[in-house]
Amino acid sequence: MRLTKDTIDQIHQAIDVVEVISDFVSLKRKGHYYTGCCPFHNEKTPSFTVTPAKGIYKCFGCGKGGDAIQFVMEHEGASYVEAMAYMAKKYNIEIKEEELSEGQNLEQTEKDSMLVVTNYASQYYIDQLWNSEDGKAIGLSYFKERGFREETIKKFELGYSHDQWDGFTADAIAKGYKVEFLTKTGLSIERDNANDGSQKKYFDRFRGRVMFPIHNVAGRVTAFGARILKTDKTQAKYLNSIESAIYHKSKILYGLFQAKQAIRKEEECLLVEGYTDVISLHQSGVENVVASSGTSLTEDQIKLIKRYTPNITILYDGDAAGLKASLRGVDLILQQDMNVSIVVFPEGEDPDSYVQKIGPTSFKEYIKKHKRDFISFKTEISLKEIGSDPIKRADVIKDIVESISKVPDAIKRSVFFRECSKLLEIDEQILISEYNKKAIQKGQQESKKWETDRNAHQELPPIQEIELPDDIVKLSLEEETLKMHERDMMKYLLNFAASSMEENLPLSDYLIHELQDVEFKNPAYDYIFKHIILLRQQGEQVFHTYFIQQDQPQYVRDAAIDLLSTKFHVSENWEKFQIDIPKEEQVLNTVVPRTVLRLKRAVLRCMIEDNMKLMVSNSSDTEIDELLLIHSQLKSILGEIDKTLGTVIPKL
């Protein structure tokens, strides 16, 4: 798929970088920018910033940065086309495509093709639900009997698959979808033809079932869950899509696409077991809910939730079998430094039935009233099961300490030790001692592993014997200074290119005139400067967004984001106390000319240094005389610049 220029322009104009990134990261406003914990690496202190005025994000911890499209690509592992499609869907922009040649069609990635197939399947099942006799009589009737309203059914894009062997597969092949991607997504199953072993037969995986499409965070359908409606002991009640390049069950949560905004707003994620629980709660106005689809939570799923909130509340059925066993997986949540609470419904009730029974307002009140922190809840459940057996009691204590040991925060651990000592009727110090013993054992194990790894690599030469690659060159003091001044100059150029200098001359034009003979040593800066010259020659204004778009080289985009990002910001308290701090754009007429002189000075000093090296290496009197003349001329120009800057430097 290749988007038309008009479509691309519409998408870029519609994008709000804060709005887009807020779908994935919990951001807090701080003056003219926003901060949050970086989604690309683990951190407790926010170093991730979003600057709406420039349309960029930057993490000063791991270094990642870019615009909203780059963020979606990085965060979702999406291609450029997928990221643009996500933006188009988010801002309700019609996608118009250019005609692709046969060669360009072949370049489409397998992942793109699979997503196209699953999207078609979703539309096919929706059409069958609403427009076929069986779909309306069986599928739609089932959903309405569950209490789902039509708008809810449409919101979750629910569908129906006919009870036919190859209804979907035959329709998809007839419309030109490749069998290769129908089978790779698991929508169709391949079998040998019983009558002719050289040929294959294809039939539908989902037959006679209501369909629950599973969306990724970007809203693309990646897989399906399907429930059979007839009584058939030979078939599973629920059938899911196979694992594929676009669907990993352990890395996705049902309903997260629909719930992410509410999760951030409520600052809490409710976790349930099944699809219908999610849909029923959404319909009742409880929208901050997702489902693990009947599996224990995985680390990847927990990290998904943590992008939006550190608070998770698990809702358990009143008659849930093996409640204690299911609690073991919750330790993973504690390891991620999240706040975990548990709510258990009355016997015989689940979230779906209970919200329909008591209504959304009472349901929310019930959750608030019966919410328990995980550690104390687990302790009480465990104590009820063991009775007065002292051996089992000792095992429970060790198990509880094991859970508390997963909590990274020392203050939280101390609170849990205090609470659990009361519940277990045991001295708090004993629990702490048991924890310390486990911590020491863990440290010894890690030390032993490190020792083993070190011994396994003894054949490696000592560090001092390893030679540095030829391309690593130590810069001289003059070169380091030049590097610094180049960066300062480009920072002004990229941030304030269209700003006016004296006589309303754009800053870009002023610098083009002043630096026309300067060649930037940094390849990215040289690229940016030369392209700005070309843009101005064509009569176009310079905007920083030009250099962070996807059609620019990666090294240029990285450099541009670095130049546009500011790690330190002026505190709002200065304004509060009426202390006026001039903004950079207000002092350009003073600062930029001096920055130009400093850059020229740094260039001259590097030229002088290079010239002196030539004098040392040449023995010819004539050549030395010429080099001395050059040295004198360079020194004279340098002296004029130093006089203007008021700089005192040692003689060269």
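Predicted model: local features only at pLDDT ≥ 70, side-chain atom pairs only at ≥ 80, totals over all residues.

This report covers a pair of packed helices and then some salt bridges.

Two packed helices are described by the angle between their axes and the distance between the axes. Here the helices are α16, residues 351-358, and α17, residues 360-370. Their axes come within 6 Å and cross at roughly 120 degrees. What do we call such an arrangement of α16 and α17? The two helices are oblique to each other, because an angle counts as roughly perpendicular from 65 to 115 degrees and as roughly antiparallel over 145. The crossing of α16 and α17 is right-handed.

Which residues make the contact? On the α16 side they are P351, Y354, V355 and I358, and on the α17 side P360, S362, F363 and Y366. Sorted by class, this contact has 7 nonpolar residues, 1 polar residue and no charged ones.

**Salt bridges**

How many salt bridges are there in the model? The count comes to 24.

| Salt bridge | N to O distance |
|---|---|
| K90 and D23 | 2.7 Å |
| K230 and D163 | 3.2 Å |
| E349 and K357 | 3.0 Å |

Start with K90 and D23, whose side chains meet in a salt bridge. K90 belongs to helix α4 (residues 80-90), while D23 sits in the loop between α2 (17-21) and β2 (28-30). The two residues are 67 residues apart, and their pair links distant parts of the chain. Is D23 buried or exposed? D23 counts as buried, because its relative accessibility is 2% and the cut-off for buried is under 20%.

K230 is partly exposed at 43% relative accessible area, and D163 is partly exposed at 46%.

The last pair in the table is E349 with K357. E349 is buried, with a relative accessible area of 12%, whereas K357 is exposed, at 60%. Elsewhere, salt bridges that share partners join E110, E180 and K184 into one network.

Notes
Residues numbered from 1 in each chain as written. Heavy atoms only, no water. Axes fitted to C-alpha atoms, helices over the stretch in contact; angles between N-to-C directions. Helix = DSSP H or I, 4+ residues; strand = E, 2+ residues; numbered from the N terminus. Parallel < 35°, antiparallel > 145°, perpendicular 65-115°, else oblique. Left-handed = near helix turned anticlockwise from the far one by under 90°. Contact = heavy atoms within 4.5 Å. Nonpolar A, V, L, I, M, F, W, Y, C, P; charged D, E, K, R; others polar. Salt bridge = Lys/Arg side-chain N within 4 Å of Asp/Glu carboxyl O. Buried < 20%, exposed > 50% of the residue type's maximum accessible area, 1.4 Å probe, protein only.
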